[in-house]
Amino acid sequence: MCKTIKQKVKFKAPPKEVYRLLADSKEHSAFSGRRAVISKKIGGKFSVDSGQAHGINVDLLPGKRIVQAWRGKGFPEGIYSMASFVLSPTSDGGTNLVLTHRGVPKELIPQVERKWKESYWSKMKEYLGD
């Protein structure tokens with residue numbers, strides 16, 4: 001059985017900057033400290049966390065939204081999940097990010113939730129000087 005993860009994070013940086021960290025290979029590698037290869041095209045492939053997760057870009061709207069079909073290294077054979085990042089500006093020039101990650105295998109929920117918080121949000125905030 002699969003479950004949905006939903007996380008909300010606020011950054012002081014504007015949406016276009018937060019988007020770049022998630023969607024640009026060089027920026028993603030810089031904040032994460034791990035190799036990332038990310039296509040800038042819908043239908044293009046991505047690989048992050050030095051190959052620990054990979055998938056396909058389903059929808060890209062720069063500065064606003066990223067939707068990707070994700071497959072983590074520990075996922076059961078043939079299982080992909082859908083990760084949606086929705087970015088909206090805050091009144092003080094920052095970004096509200098909402099992650100909705102659907103279809104995560106139930107037994108991997110705690111590990112995947114922790115990975116988003118530790119390997120993404122915390123490292124992004126540190127990189128941005130948040």
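Residues are numbered from 1 along each chain as its sequence is written, and side-chain values use heavy atoms, with hydrogens and water left out. Because the model is predicted, local features need pLDDT of at least 70 and side-chain atom pairs count only at pLDDT 80 or more, whereas totals for chains, interfaces and linings use all residues.

**Core**

Helices (H or I, at least four residues) and strands (E, at least two) are DSSP runs, numbered from the N terminus.

**Strand S7 and its partners**

Eight of the 11 residues of S7 are buried, so this strand is largely enclosed by the rest of the structure. Two strands pair if DSSP finds at least two bridges between them, and the table gives the pairs that involve S7.

| Pair | Sense | Bridges | Residues that stand opposite |
|---|---|---|---|
| S1 and S7 | antiparallel | nine bridges | Lys10 and Asn96 |
| S6 and S7 | antiparallel | eight bridges | Ser88 and Asn96 |

In the hairpin of S6 and S7, five residues lie between the strands, and Gly93 takes a positive phi near 90 degrees.

**Cavity and pocket**

On a 1 Å grid over the protein atoms alone, a cavity is a set of points where a 1.4 Å probe fits but cannot get out, and a pocket is an open set with protein on both sides within 12 Å along at least five of seven lines; lining residues have an atom within 4 Å of a point. The largest cavity, with a volume of about 40 Å³, is lined by Leu22, His28, Ile38, Phe46, Val48, Gln68, Trp70, Phe85 and Tyr120. Strands S3 (45–48) and S5 (65–72) are the elements that give two or more residues to this lining.

The largest pocket has a volume of about 310 Å³, and of its 17 lining residues Gln52, Ala53, Gly72, Val112 and Lys115 lie nearest its centre. H3 gives the most to the lining of this pocket, with five residues.

Technical notes: Points joined across faces, edges and corners; volume = space filled by probe spheres on them. Buried < 20%, exposed > 50% of the residue type's maximum accessible area, 1.4 Å probe, protein only.
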